[in-house]
Amino acid sequence: MGTVSGPYTGGPSGPAGGQPGAVPGEQTGPTLGAPPQPGPQVVPADPHTHGPAESGTAPDQAGTTLLQGISQLVTNDPAVGEGPLGLIGDAAVVLDGDRVVWVGPRVSAPAADRALDLGQRAVLPGWVDSHSHLVFAGDRAAEFTARMAGRPYEAGGIGTTVAATRGVERTELLRLARLRVDEMVRGGTTTIETKTGYGLTVPDETTSAAVAAESGVDVVTFLGAHVVPPEFDGDPQGYLDLVCGPMLQAVARYVQFLDVFCEDGAFDGAQTRRVLAAGQRAGLGLKVHGNQLREGEGVRLAVEHGAVSVDHCTYLSDRDVDALAGSTTVATLLPACDLSTRQPPAPGRLLVDAGARIALASNCNPGSSYTSSMNLVVALGVLQCGLTAEEAVQAATTGGAAALRLPDVGFLAPGARADLHVLDAPSYEYLAYRVGMPLTRAVWRRGARVV
Ligand code: NIG
């Protein structure tokens, strides 16, 4: 049987833990009861040798692969393991192509064409990051620095990125988006949503949508209603004529969802309704950026329109919490954004206790949250938003899947997409317990080992 580069010995830099980034070795042949092999094949992962177009698009090899040496498997399926996370100790998983075909205790594992030993590490479903803005050029480091010196975050900063994005060629936008997808995958994220919203003309939004669709993400959202661009200053209705008409028509073939930023400095309640109605007519799923910088109408409008999610939810009234709890709309919390914009953490504990469905996502973008680390987001869910580690892991996996209406990701059981995240830790609790440490050891995306 093949093994990982070394057993888990207490951390990524433990003496027998192998080099950071080393990935499981493997061996073909009989998988159970086989004599010990001389040593693992250790293949150093070079993050620069694979691009997102290749990452996880096809399984590496034909036949089945048995993964074992799993100290704790998070299946998210209570029918196959313990508790809400469906935990299995000393577990094994069998992959066939891009699917999981078996999970259970190692002692009952079926034979497979090849086996890998993961060295007594925890395995989780890959993160489902249901909110990001990856198609952009330029950065806003100066704005961030000014914010850390006391200047508040405002929707208006988006204009800086719009100008930078309009100023580069499509090929450059695609190159940048692919680098960001690759970065996300290297952090354990295997399902990615991203949005347009930094083009804000018909051609620029169309390019952004096409680039997003080509960049290696799973879901693309149209966010023409991000802010009113400078050429429509003082004429938001004129801009919305464009968004709800020709722009929506032009991007429709690339996108699955429509989103609108309902906030002071972006769009008010009536304008938000108009955008959501256009999305409904176009047959798109709906999302709302709401209640990010203050209480407002975003949550209520999202719920009223049956939106699949309302994202941010940092400032909620009791009425908002009740509305979410009585709905199917997922409250997507973005704690890295709250942290980076010096807002209070979104009230995760309150929402879960009220019975609302939550997701955790990175909101990776150059203005309010320039990180794609879902390991960090999960830790912040626990440390800042009052979630348990179990709730935070669920929110970043099944919660994200619900916020994207994807039925085959976010869990590990027969039929699930073969998206796995191997931690350099014995259990999922370490994500918050060892906050900031490089805990991602290996990643499979659609059956292909990508880290
Ligand atoms: O989700 N709130 C609106 N959009 C992004 C921020 C975009 C930016 O500042 O560039 C967000 O935080």
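At what angle do helix H3 and helix H4 pack, and how far apart are their axes? This is a predicted model in which local features need pLDDT of at least 70 and side-chain atom pairs count only at pLDDT 80 or more, while totals for chains, interfaces and linings use all residues. Residues are numbered from 1 along each chain as its sequence is written, and side-chain values use heavy atoms, with hydrogens and water left out.

**View 1. Helix H3 packs against helix H4.** H3 covers residues 170–186 and H4 covers residues 202–214; they pack at an angle of about 40°, with their axes 9 Å apart. Helices (H or I, at least four residues) and strands (E, at least two) are DSSP runs, numbered from the N terminus. Axes are lines fitted to C-alpha atoms, for helices over the stretch in contact, and angles run from 0 to 180 degrees between N-to-C directions. The angle makes H3 oblique to H4. Angles under 35 degrees count as roughly parallel, over 145 as roughly antiparallel, 65 to 115 as roughly perpendicular and the rest as oblique. On the H3 side the contact is made by Arg 170, Leu 173, Leu 174, Ala 177 and Arg 178, and on the H4 side by Thr 207, Ala 210, Val 211 and Glu 214. Contact means heavy atoms within 4.5 Å. Five of the contact residues are nonpolar, one is polar and three are charged. Here Ala, Val, Leu, Ile, Met, Phe, Trp, Tyr, Cys and Pro count as nonpolar, Asp, Glu, Lys and Arg as charged, and the others, Gly among them, as polar.

**View 2. Thr 332 sits in strand S14.** The strand spans residues 330–333. Thr 332 counts as buried because its relative accessibility is 0%. Buried means under 20% relative accessible area, exposed over 50%, and partly exposed in between (1.4 Å probe, protein chains only). Leaving aside neighbours within four places in sequence, Thr 332 is in contact with Ser 130, Ser 309, Val 310, Asp 311, His 312, Ala 359, Ala 361 and Ala 403. Ser 130 is 202 residues from Thr 332 along the chain, and their C-alpha atoms are separated by 8.1 Å.

**View 3. His 312 and Asn 363 have positive phi values.** His 312, which is not a glycine, has a phi of about 105°. His 312 lies in strand S13 (residues 309–312) and, at 2% relative accessibility, counts as buried. Asn 363, also not a glycine, has a phi of about 55°. Its place is in the loop between strand S15 (358–360) and helix H11 (374–383). Asn 363 is buried as well, at 1% relative accessibility.

**View 4. Helix H11 is mostly covered.** Eight of the 10 residues of H11 are buried. These are Met 374, Asn 375, Val 377, Val 378, Ala 379, Leu 380, Gly 381 and Val 382.

**View 5. Asp 113 lies in the loop between strand S6 (99–105) and strand S7 (114–125).** Asp 113 counts as partly exposed because its relative accessibility is 41%. The C-alpha atoms of Asp 113 and Thr 65 are separated by 6.0 Å, and the two are 48 residues apart along the chain.

**View 6. Cys 337 and Cys 385 are buried.** Relative accessibility is 0% for Cys 337 and 4% for Cys 385. A search of the whole structure finds zero disulfides, a disulfide being a pair of cysteine sulfur atoms within 2.5 Å.
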